Amino acid sequence: MRAYLQAESLKYRHTALKTLTIILPFASVFFAAWLTREYFIVDSYNWWYMGLCPGMLAILCGITGGKEKRKKNLTIFSLPCDMGRIWDAKLLLTAVLSAAAMLCICVFTIAAGKVMGNIHPTIKAQIMAGVLIWLTTLWQIPFCLLLTQKTGPFVMFLIHMGSYTVQAAIFSLKSWFAVFPGAVTSRLMCPVLGILPNGLPAVEGQMTYAPELVEMENLLVGIPATLLWFALLWFLSRKWFERQVD
């Protein structure tokens with residue numbers, strides 16, 4: 001598997017793939033610190049998981065899945081290789097890049113918070129949020145890779161961002177939020193970071209606030225649900241890709 005992952009990584013050494021994992025997190029932190037100084041920490045994370053993170057994952061999947069798609073995958077289908085492992089390598093590479101971007105978000109935000117004297121939420125809560133955001137957004141990788149193969153990068157981007165926005169902003173407020181993987185991340189940030197999907201503090205009196213939104217029990221439902229979605233989408237997309245050479 002290591003050889004497949006290394007080969008996949010080498011394909012994109014002259015692209016913006018790795019640069020995006022630094023530039024986009026920096027942009028999220030920079031503009032949050034510049035525009036919303038008092039609440040910049042929660043805004044940095046909120047802007048990330050509500051828009052920049054799904055957008056980045058869509059772009060990464062568009063690059064990793066679209067490179068061979070433009071040639072109808074003939075460059076890899078003709079190889080004497082395990083197609084399932086090639087698909088796995090694409091997913092793993094994107095997951096690693098996603099983890100790197102999430103690490104950048106946490107490091108940049110914590111460092112900026114110390115400089116600006118802003119210590120809320122706590123560093124512990126921010127680290128917990130970073131781990132949860134990464135875990136609960138993994139399902140987007142096989143979903144976007146499969147959509148790229150089916151529709152192309154541009155249409156995939158539009159479908160993904162449109163559906164994710166609805167799920168994250170609206171469905172995350174429902175009791176059945178875990179049915180939709182795109183609703184989980186923003187729901188879990190309510191108790192962890194104390195912020196609602198609309199960016200407002202998760203306190204009584206704020207628009208869309210409800211007591212059940214800030215219950216830590218949401219984690220016990222949301223985390224397994226998104227991991228199950230990730231495993232299911234990975235399995236189905238892998239099987240579909242393998243059948244393309246039959």
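A nonpolar patch, as the term is used in these legends, consists of residues with over 30% relative accessible area and no salt bridge, whose nonpolar side chains are joined within 5 Å. The model shown is predicted.

**View 1. A nonpolar patch on the surface.** Ile-59, Phe-154, Val-155, Phe-157, Leu-158 and Ile-159 make up this patch, and together they have about 520 Å² of accessible area. Helix α8 contributes the most, giving five residues. One of the patch members, Leu-158, lies in helix α8. Leu-158 is classed as partly exposed because its relative accessible area is 48%, between the limits of 20% and 50%.

**View 2. Met-156 and its contacts.** Met-156 is placed in helix α8, which spans residues 153-169. Its relative accessibility is 0%, and Met-156 therefore counts as buried. Beyond residues up to four places away in sequence, Met-156 touches Ala-58, Cys-61, Gly-62, Cys-144, Leu-147, Thr-148 and Thr-151. Ala-58 and Met-156 are separated by 98 residues in sequence, while their C-alpha atoms are 7.5 Å apart.

**View 3. The largest nonpolar core.** This core holds 59 residues, of which Tyr-45, Trp-48, Ile-141 and Met-189 touch the most other members. Two or more residues come from each of several elements, including α2 (17-35), α5 (83-116), α8 and α10 (218-243). Helix α3 supplies the largest share, 13 residues.

**View 4. Met-189 and a second core.** Leaving aside residues up to four places away in sequence, Met-189 touches Tyr-49, Ala-129, Leu-132, Ile-133, Gly-194 and Ile-195. A second, separate core has five residues, among them Cys-190, Leu-196, Ala-202 and Ala-210.

Key:
Residues are numbered from 1 along each chain as its sequence is written. This is a predicted model: local features need pLDDT of at least 70, side-chain atom pairs count only at pLDDT 80 or more; totals for chains, interfaces and linings use all residues. Side-chain values use heavy atoms; hydrogens and water are left out. Helices (H or I, at least four residues) and strands (E, at least two) are DSSP runs, numbered from the N terminus. Buried means under 20% relative accessible area, exposed over 50%, partly exposed in between (1.4 Å probe, protein chains only). Contact means heavy atoms within 4.5 Å. A nonpolar core is a set of buried Ala, Val, Leu, Ile, Met, Phe, Trp, Tyr and Cys residues joined through side-chain atoms within 4.5 Å. Patches are made of residues with over 30% relative accessible area and no salt bridge: like charges are joined within 9 Å, nonpolar side chains (Val, Leu, Ile, Met, Phe, Trp, Tyr) within 5 Å. Accessible areas come from the Shrake-Rupley method with a 1.4 Å probe; for residues, only the protein chains shown count as cover. A salt bridge is a side-chain nitrogen of Lys or Arg within 4 Å of a carboxyl oxygen of Asp or Glu.
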